[in-house]
Amino acid sequence: MFRIPSLPLLFSPKKLPLIGIDITNSAVKLLEIHPYGNKLQVASYGVAPLESGAMADRRIKDYKSVARSIKRVIERTQPSTTRTAVAVPTAAVITRTLSLPLELNDDEMEALIMIEAEQHVPYPLNEVAIDFQRQPPLNPNDENQPVLLVACRKEVTDQLDYVLEAAGLDPIVTDVENFAMERSLGLLLNKLPNNQENQIVAVADVGATTTLNVFRDGEIIYSREQMFGGKQLTDEIQRYYGLSREEAGFAKKKGNLPADYNLELLQPFKIALVQQVERQLQLFYSSTSYHDIDFLILAGGSSAIENLPQMAQQQLGCPTYLANPFIDMVLSDKVDALALAQDAPAMMIACGLAMRVWS
Ligand SMILES: Nc1ncnc2c1ncn2[C@@H]1O[C@H](COP(=O)(O)OP(=O)(O)OP(=O)(O)O)[C@@H](O)[C@H]1O
Ligand SMILES: [Mg+2]
């Protein structure tokens, strides 16, 4: 991303292998994907937890600790390259679609974008990384074309570069999470029944928190994060059974909790979670001109909770699926197939980043 001033390209045309690294509040997720005949192959995959206090509100708080976790996942997965794609959180960027003359060459476009940016970016431009992407004209005879302007404070991109370099990696691409999600969604869309035009698909990414992304014809039109998610269940387990955060998180994944867990904690959490997704959808409807979606896809680590898609489908009355971006991919020998299958819904952003170079 962010070609002006002097940052690695977001929309780089080069097709050299790279790895996708998703740094969340609680984990580092690594993925390497290669073309494999007419398919894609997962060449390397790994997830390492982040130490408590390493991140807060999606910002790096302890550089050494985050770099250590990245190094750990690199050592374990042995990817074939150090070239890396990483994403800034969607909330950290300003995106605008501008209508600009088709005839401009890249240099002219860049100069005009910088002038336009003054109006759209509420920070001094020397503190901001900016990039743009031309989109196809809406009509064949148009003299203007839509141009996507993306801007992010440099301190956000700089801190990611710094931590990747400290872990021995080469930051090549800085993307945005919702663009990475869009790329992964592309893998799922043709798996949906009645893949029709103007299809509205909502993806609820239920990780520690929940982000609702809505796509029209595979293009993101709405994205909003909400603080309710798997973290609430971990907190409840911690309190109810007197466990540490790590113990609670581990027990939740393994499912080895006392018999009353299901009734006392898990079931109420599932109900609350579906209600939250319903509320997020209502918010989407009330802030846009849409009043329906065609499909709901559940992604994120918490969507692995048993029966959640069925519950959501019943409550929301909309066909609901669990995300698996790897469904058509081949796995290399060194990839742990079982672990990847379990983590698949939580790998949408890492997958979109890993595919960055091939798309
Ligand atoms: N098998 C499982 N059953 C229940 N919860 C799970 C399971 N696996 C992961 N989780 C929960 O999913 C959450 C992590 O999901 P994910 O990896 O998608 O989040 P994240 O990307 O790290 O965070 P976020 O996207 O919210 O910043 C944690 O709360 C974890 O406890
Ligand atoms: Mg996530």
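Okay, let's start at the ligand: sorted by class, the shell around ligand 1 holds 5 nonpolar, 12 polar and 3 charged residues. For the classes, Ala, Val, Leu, Ile, Met, Phe, Trp, Tyr, Cys and Pro count as nonpolar, Asp, Glu, Lys and Arg as charged, and the others, Gly among them, as polar.

Quick housekeeping. This is a predicted model, where local features need pLDDT of at least 70 and side-chain atom pairs count only at pLDDT 80 or more, while totals for chains, interfaces and linings use all residues. Residues are numbered from 1 along each chain as its sequence is written, and chains are lettered from A and ligands numbered from 1 in the order in which they are written.

Back to the ligand. Which of the 20 residues around ligand 1 come nearest? Those are Thr 24, Gly 207, Gly 230, Gly 301 and Ala 346. Near, for a molecule or strand, is when the C-beta atom of a residue, placed from the backbone, lies within 6 Å of it. Two helices, α5 (230-241) and α6 (245-254), each supply at least two residues of that shell. Helices (H or I, at least four residues) and strands (E, at least two) are DSSP runs, numbered from the N terminus. The shell also takes at least three residues from each of domain 1 and domain 3.

On to the domains, then. The protein chain is assigned domain 1 (19-90 + 156-183 + 330-357), domain 2 (91-154) and domain 3 (193-322); these bounds come from an automatic or database domain assignment. Taken over C-alpha atoms, the centres of domain 1 and domain 3 are 22 Å apart. Across that boundary, 12 residues of domain 1 are in contact with 18 residues of domain 3, contact being C-beta atoms, placed from the backbone, within 7 Å. On the domain 1 side, α4 gives the most, with 3 residues. That side divides into 4 nonpolar, 7 polar and 1 charged.

Now the sheets. There's an open sheet of 6 strands, in the order β10-β6-β1-β2-β3-β16, with mixed pairing. Two strands pair if DSSP finds at least two bridges between them. Why is one side of β10 (170-176) and of β16 (330-331) left without a neighbour? Both stand at the edges, each with a single partner strand, so one side of each has no neighbour in the sheet.

Let's zoom in on β1, residues 19-23. On one flank, β1 runs parallel to β6 (residues 83-88), with 3 bridges joining them, and Ile 19 has Thr 84 as its bridge partner in β6. On the other, 5 bridges join β1 to β2 in an antiparallel arrangement, where Ile 19 partners Glu 32. A hairpin through 3 residues links β1 to β2.

Is β1 mostly covered or mostly open? It's mostly covered, with 5 of its 5 residues buried; buried takes 20 or more other C-beta atoms within 10 Å of a residue's own, exposed takes 12 or fewer, and partly exposed is in between, with C-beta atoms placed from the backbone. Both faces are covered: Ile 19, Ile 21 and Ile 23 sit on one side, Gly 20 and Asp 22 on the other.

As for helices on this sheet, α1 (residues 63-77) lies across β1, β2 (27-36) and β3 (39-49), at about 135 degrees to β3. Axes here are lines fitted to C-alpha atoms, for helices over the stretch in contact, and angles run from 0 to 180 degrees between N-to-C directions. And α4 (residues 177-189) touches β6 and β10, making about 85 degrees with β10.

The other sheet is open too, with 3 strands in the order β7-β9-β8 and antiparallel pairing. The twist averages 25 degrees from one strand to the next. 9 bridges join β7 to β9 (residues 144-153), and Thr 97 stands opposite Leu 148 in β9. Helix α3 (residues 154-166) packs on this sheet, touching β8 and β9, at about 70 degrees to β9.

Last stop, Ala 151, which is in β9. Ala 151 is buried, with 25 other C-beta atoms within 10 Å. Leaving out residues up to four places away in sequence, Ala 151 touches Val 93, Ile 94, Ala 117, Val 121, Val 128 and Ile 130. The C-alpha atoms of Ala 151 and Asp 131 are separated by 6.5 Å, though the two residues are 20 residues apart along the chain.

Conventions
Two residues are in contact if their C-beta atoms, placed from the backbone, lie within 7 Å.
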